[in-house]
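Colleague: I would like a close look at one part of this model, namely the pairing of side chains. Please take it in one connected account.

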Amino acid sequence: VTIDDSVTSIGEAAFQNCIEMTSLTISNSITSISRYTFYNCEKLTSAIIPESVTEIGESAFQNCLKMTSLTIGESVTSINQYAFSGCYTLSSVNIPESVTEIGDGAFETCSNLTSLTIGNSVTSIGSYAFNNCKNLISVTIPKSVNKIGDKAFYNCYGIMSFTSLNTTPPSAPSENVFKGIPRSDCTLFVPEESITSYSGSTGWSYFYNIQGIKNDHVETVEHNVVKVATADGAISISGADGVIAEIFSTSGTLLYRGSDATIKMPHGIYIVKVAEKTTKVVL
């Protein structure tokens, strides 16, 4: 399906249950994607949300089971409830700086999601938003977030590193927000001066291991600028000249802190934190 520039709106459930559709092109004249528009398009493999779109409606792409690639345009401000729920094969999500709200269940049961970047304008993460995203390894919540809904990261048992950059713990109704994350193995990183407030805060007290990050680490650097890669027994960091990088073991032990572009390390699994980006790497 190709929707050309003469089309300005797509009605609710317009392509619902088009189970054989594999390809979709949306024109730059569309400003919103309505509820259930592409619901249950089981064989759709990719979606590019153009710059013109400001809102992704409820369940717009729910149960697009084969979707492996998703690009969200820089004008989207809200991702409504269940928008991408059940997109099992989706592996990477970059939520742009324009988005302020992630709705309830927006990415629920995206069970193959391994990489998640949340933009610095998001203030609210809805209930069940990333419930059962069991292959997520690390999550960084920007300092703009002040509310996380019930069971938002429930049963995300692959997460080894969780970072919250707000000096005030975002409200979380109970430990169910994070229940299922391996509390004895996962490290919660928070601003150094906020360790006590997080450890005594509802929901956040779920974590056993809470460690501080210094203010120079919290300074904002665009996510899409920083790149972390591995080669020849070394971790390389580009696009962040002069910015402090930290390398941790999977148990949370700090192994390196500095601004080198290339860091030689023994073979193993590491968590690299630079700017507001957290990456798990294997050497």
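How many aromatic pairs does the structure hold?

Modeller: This is a predicted model, and the structure holds 18 aromatic pairs. A pair of aromatic rings is described by the distance of the centres and the angle of the planes. One of the pairs is formed by Phe-84 and Phe-107, with ring centres 5.3 Å apart and planes at 10°, so the two rings are stacked. This pair links distant parts of the chain, 23 residues apart. Phe-84 belongs to the loop between strand E7 (78–79) and strand E8 (92–95), while Phe-107 belongs to the loop between strand E9 (101–102) and strand E10 (115–118). Both Phe-84 and Phe-107 are buried.

Another stacked pair consists of Phe-153 and Phe-178; their planes are also at 10°, with the ring centres 6.4 Å apart. Here too distant parts of the chain are linked, 25 residues apart. Phe-153 sits in the loop between strand E13 (147–148) and strand E14 (161–164), and Phe-178 in the loop between E14 and strand E15 (187–191). Phe-153 counts as buried because its relative accessibility is 0%, and Phe-178 is likewise buried at 0%.

Aromatic rings also meet charged groups. The charged end of Lys-151 sits over the ring of Tyr-154, at 4.8 Å from the ring centre. For Arg-183, the charged end sits over the ring of Tyr-206, and the distance to the centre is 4.3 Å.

Charged side chains also pair with one another: the structure holds four salt bridges. In one of them, Arg-35 meets Glu-12, with N to O at 3.0 Å. Arg-35 is partly exposed, with a relative accessible area of 36%.

Arg-35 has a further partner in Glu-58, the closest N and O atoms of that salt bridge being 3.5 Å apart. Glu-58 lies in the loop between strand E5 (55–56) and strand E6 (69–72), so its pairing with Arg-35, in the loop between E3 and E4, ties together parts that are 23 residues apart in sequence. Glu-58 is buried, at a relative accessible area of 17%. Through shared partners, the salt bridges join Glu-12, Arg-35 and Glu-58 into one network.

A salt bridge also connects Lys-43 and Glu-20, whose closest N and O atoms are 3.0 Å apart. Lys-43 comes from the loop between E3 and E4 and Glu-20 from the loop between E1 and E2, so to speak distant parts of the chain, 23 residues apart. Lys-43 is partly exposed at 35% relative accessibility, whereas Glu-20 is exposed, with a relative accessible area of 54%.

Ser-27 lies in the loop between strand E2 (25–26) and strand E3 (32–33) and is buried, with a relative accessible area of 5%. A polar atom of the Ser-27 side chain lies 3.0 Å from the backbone oxygen of Asp-4. Leaving aside residues up to four places away in sequence, Ser-27 touches Ile-3, Asp-4, Asp-5, Val-7, Pro-50 and Ser-52.

How values were computed. Residues numbered from 1 in each chain as written. Predicted model: local features only at pLDDT ≥ 70, side-chain atom pairs only at ≥ 80, totals over all residues. Heavy atoms only, no water. Helix = DSSP H or I, 4+ residues; strand = E, 2+ residues; numbered from the N terminus. Buried < 20%, exposed > 50% of the residue type's maximum accessible area, 1.4 Å probe, protein only. Contact = heavy atoms within 4.5 Å. Polar contact = N/O pair within 3.5 Å; in protein donor to acceptor, adjacent residues only side chain to side chain. Phe/Tyr/Trp six-rings, centres within 6.5 Å; stacked < 30°, edge-to-face > 60°. Lys NZ or Arg CZ within 6 Å of the ring centre and 35° of its normal.
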